[in-house]
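Here's a quick look at a protein model. Have the chain on screen while you read.

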Amino acid sequence: MESPQLHCILNSNNVACSFAVVASFLAFLSCLAFLVLDTQETHIADTRFKTAFQLLDLILADIPGLPGIPGPPK
């Protein structure tokens, strides 16, 4: 019979589970930040920030080996 308490399945290593939770939370926050910046892109007046944001968005969207939607065609 299984215990009702949650336990880590990553080799019973709590640090590994904590790292996975923190990494996924940071990924979620970065997705929210890019979503907000994408919606406000027409209102951004600073061209340096706009260029840096677009480059970072393009680089992060096209990281090979990550699952999900593929990046732009090469």
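## Ground rules

This is a predicted model, so to speak of local features takes pLDDT of at least 70 and side-chain atom pairs 80 or more, while totals for chains, interfaces and linings use all residues. Numbering runs from 1 along each chain as written, and side-chain values use heavy atoms, leaving out hydrogens and water.

## Fold

The protein chain has two helices and zero strands (DSSP runs: H or I of at least four residues for helices, E of at least two for strands, numbered from the N terminus). The axes of H1 and H2 (residues 47–61) come within 12 Å and cross at roughly 130°.

## Surface

Phe28 sits in H1 (residues 14–39).

Methods:
Axes are lines fitted to C-alpha atoms, for helices over the stretch in contact, and angles run from 0 to 180 degrees between N-to-C directions.
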